[in-house]
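Please keep the sequence and the structure in view while reading.

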Amino acid sequence: METLREGRARYFRKNGLPEDGGYDARWVVIRARGFPVAAFPNSDARRRAVGFHDLHHVLTGYDTTLLGEAEIAAWELSSGCGNFWAAWALNAAALGIWWVLGPRRCRAAWRRGRASRNLYRVGAWDGMLAEAVDKVRAQLGIPENGELA
């Protein structure tokens with residue numbers, strides 16, 4: 001049974017991210033097809049939220065393409081970002097992608113978020129890494145296979 005730690009490590013490898021996910025990087029670079037398209041400072045508020053966001057990728061199966069990020073933004077917004085203002089802001093910024101790349105898929109992700117929960121209300125993501133992925137999915141109302149996409 002895969003743990004969140006193992007799932008996150010697999011997610012990092014699959015997406016070409018450093019072992020630490022880049023959490024300590026000074027800047028976040030957004031890439032499209034391998035080319036940098038935007039950059040912004042990696043604030044403490046973003047660092048606090050991105051650990052949950054990455055675990056949400058593991059739990060839901062949404063990918064890291066622009067459309068996948070728009071879908072997970074819809075899912076996170078509709079299931080609630082708690083007091084993580086950086087998550088609210090960054091996810092809201094992704095809303096523009098909905099209308100260009102996939103309004104149907106993003107509306108479906110929004111509906112899935114309304115029917116499930118996410119980790120933003122847990123408190124600290126690093127204390128959850130030993131939990132089994134399937135157990136956390138069950139607690140949040142995410143299908144066993146994690147395939148919301």
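Ala 93 lies in helix 4, where helices (H or I, at least four residues) and strands (E, at least two) are DSSP runs, numbered from the N terminus. The model is a predicted one, in which local features need pLDDT of at least 70 and side-chain atom pairs count only at pLDDT 80 or more, while totals for chains, interfaces and linings use all residues. Residues are numbered from 1 along each chain as its sequence is written, and side-chain values use heavy atoms, with hydrogens and water left out.

Is Ala 93 buried or exposed? Buried means under 20% relative accessible area, exposed over 50%, and partly exposed in between (1.4 Å probe, protein chains only). Ala 93 has 59% relative accessibility and therefore counts as exposed. Between Ala 93 and Ala 73 there are 8.8 Å in space, C-alpha to C-alpha, although the two are 20 residues apart in sequence.

Ala 73 is one of the buried residues of helix 3. Because 12 of the 14 residues of this helix are buried, helix 3 is largely enclosed by the rest of the structure. Its cover includes helix 2, helix 4 (85–93), helix 5 (95–101) and helix 6. The end C-alpha atoms of helix 3 are 20 Å apart, which agrees with the 20 Å that its 14 residues should span at 1.5 Å a residue; the expected span is 1.5 Å times one less than the number of residues. Just after helix 3, Gly 80 takes a positive phi of about 95°.

Two packed helices are described by the angle between their axes and the distance between the axes. Helix 3 (residues 66–79) packs with helix 6 (residues 103–114) at an angle of about 30°, and their axes are 7 Å apart. Such axes are lines fitted to C-alpha atoms, for helices over the stretch in contact, and angles run from 0 to 180 degrees between N-to-C directions. Among the residues that meet are Leu 67, Ala 70 and Trp 75 in helix 3, and Cys 106, Ala 109 and Trp 110 in helix 6; contact means heavy atoms within 4.5 Å.

A further site is Asn 42, in the loop between strand 2 (35–41) and helix 2 (44–60). Asn 42 counts as buried because its relative accessibility is 4%. A polar atom of its side chain lies 2.9 Å from the backbone oxygen of Ala 25. Not counting residues up to four places away in sequence, Asn 42 touches several residues, including Tyr 23, Trp 27 and Arg 47.

Technical notes
A polar contact is a pair of N or O atoms within 3.5 Å; within protein, one must be able to donate a hydrogen and the other to accept it, and residues adjacent in sequence count only if both atoms are side-chain atoms.
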